Structure formats: structure tokens, C-alpha cells
Amino acid sequence: MEKLVLSKSLMMQHFGCFRKGRWIIHHKDIEKIARFKIGQHVRFQVGVVEPRWGWRGAQSNSRGVIISFNADGEVRVAFFGLLGLWRGDPADLEIDQMCEVGDWVRIRSDARFGIKLGMFQDDMGIG
């Protein structure tokens with residue numbers, strides 16, 4: 001399914017984002033998708049063989065942060081380890097879920113790291 005950006009609204013909608021021409025479509029024939037925001041962490045969608053505008057130094061496993069959008073929907077991303085901003089079609093990207101301050105988290109049972117949970121319990125007076 002293509003991701004499209006709303007450009008006008010009435011009973012009949014006009015859509016387009018890097019797509020040639022515009023289509024007239026009834027509002028009941030569309031579904032809302034999560035929109036990208038400046039500052040969000042993103043990655044390439046699984047299965048992208050090549051982004052619409054090419055890799056431009058990025059790789060399929062690259063992770064980055066959205067810096068800006070142009071009026072035509074082009075996204076600019078600062079990928080970690082890549083000099084300069086990557087420009088491209090937002091349809092090639094997906095949100096990379098990150099933890100933020102205040103989020104509740106739990107350590108996965110299959111996590112591998114060098115700290116034992118008992119250390120935290122002893123420090124906090126638990127157990």
C-alpha cells in the first residue's frame with residue numbers, strides 16, 4: 001500500500017507525495033497512517049531493495065533522526081555515521097521505536113548483558 005500525503009480536503013480528497021499527477025478519491029476509500037515528525041528516529045522499511053532516490057551513502061540497516069520536510073513531502077534525515085543529510089521519499093522509511101524519559105520498560109528475558117539484576121536489587125534495598 002502506498003503512503004500518501006493529504007494536500008486538500010473536502011468530500012473528495014486530492015492526494016499526492018512524489019507521485020506524478022493527483023488523484024481524486026472519496027474520503028471513505030482512504031485510511032489514516034501514522035505521520036512522521038521532526039525529531040523521530042527512523043530506519044528503512046524491511047524489504048526495501050533500494051530507496052526511491054537511492055541509498056546516497058545510507059544502508060538498509062541505517063538508523064537516523066528526521067531533521068526536516070520540504071513542502072513537497074521530501075524528508076531529510078541525519079543518519080548516524082553519514083556525512084550530510086539524506087533526502088528521500090518518506091514511503092521508504094518507518095518509525096524506529098525508541099525509549100524516552102518517563103517510559104516504563106522491562107528487560108527481556110533473553111537479553112544478554114554483563115550486569116546481573118541482583119546488583120540493582122541490592123543497590124535499591126530490594127530483596
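Which residue in β7 does Arg76 stand opposite? Arg76 stands opposite Arg87.

Before going further, a word on the ground rules. This is a predicted model, in which local features need pLDDT of at least 70 and side-chain atom pairs count only at pLDDT 80 or more, while totals for chains, interfaces and linings use all residues. Residues are numbered from 1 along each chain as its sequence is written, and side-chain values use heavy atoms, with hydrogens and water left out.

**The overall picture**

Helices (H or I, at least four residues) and strands (E, at least two) are DSSP runs, numbered from the N terminus. Of the 127 residues, 23% are buried; here buried means under 20% relative accessible area, exposed means over 50%, and partly exposed lies in between (1.4 Å probe, protein chains only). The protein exposes about 10,000 Å², with carbon and sulfur atoms supplying 55% of it. Those areas come from the Shrake-Rupley method with a 1.4 Å probe; for residues, only the protein chains shown count as cover. Among contacts between residues at least 6 apart in sequence, 47% join residues at least 24 apart, a contact being heavy atoms within 4.5 Å.

**Strands around β6**

Now back to the strands. Two strands pair if DSSP finds at least two bridges between them.

| Pair | Sense | Bridges |
|---|---|---|
| β4 (residues 41-44) and β5 | antiparallel | three bridges |
| β5 (residues 63-69) and β6 | antiparallel | five bridges |
| β6 and β7 (residues 86-88) | antiparallel | three bridges |

Val65 links two of these pairs: its bridge partner in β6 is Ala78, and Val65 is also the partner in β5 of His41.

Strand β6 (residues 75-79) has two faces: Val75, Val77 and Phe79 make up the covered one, and Arg76 and Ala78 the uncovered one. On one side, β6 forms a hairpin with β5, with five residues between them, and Gly73 in that turn has a positive phi of about 100°. β6 also forms a hairpin with β7, this time with six residues between them; Gly81 in the turn has a positive phi of about 85°.

Leaving out residues up to four places away in sequence, Trp86 touches residues including Phe44, Pro51, Trp55, Arg56, Val75, Val77, Phe79 and Leu93. Arg76 is on that list too, and the C-alpha atoms of Trp86 and Arg76 are separated by 5.5 Å, although these residues are 10 apart along the chain.

Arg56, one of the residues Trp86 touches, is found in the loop between β4 and β5. Arg56 is partly exposed, with a relative accessible area of 41%. Most residues other than glycine have a negative phi. Arg56 is not a glycine, yet has a positive phi of about 50°.

Asp96 sits in the loop between β8 (93-95) and α1 (117-123). With a relative accessible area of 10%, Asp96 counts as buried. Beyond its neighbours within four places in sequence, Asp96 is in contact with His41, Val42, Arg43 and Arg63.

Both Asp96 and His41 line the second largest pocket, together with Gly39, Gln40, Ile95, Gln97, Met98 and Glu100. On a 1 Å grid over the protein atoms alone, a pocket is an open set of points where a 1.4 Å probe fits, with protein on both sides within 12 Å along at least five of seven lines; lining residues have an atom within 4 Å of a point. The volume of this pocket is about 160 Å³, that is, the space filled by probe spheres set on the points, which are joined across faces, edges and corners.

**Lys37**

Finally, Lys37 lies in the loop between β3 (23-26) and β4. Lys37 is partly exposed, with a relative accessible area of 44%. Apart from neighbours within four places in sequence, Lys37 is in contact with Ile66 and Phe69. Lys37 and Phe69 are 32 residues apart in sequence and 8.9 Å apart in space, C-alpha to C-alpha.
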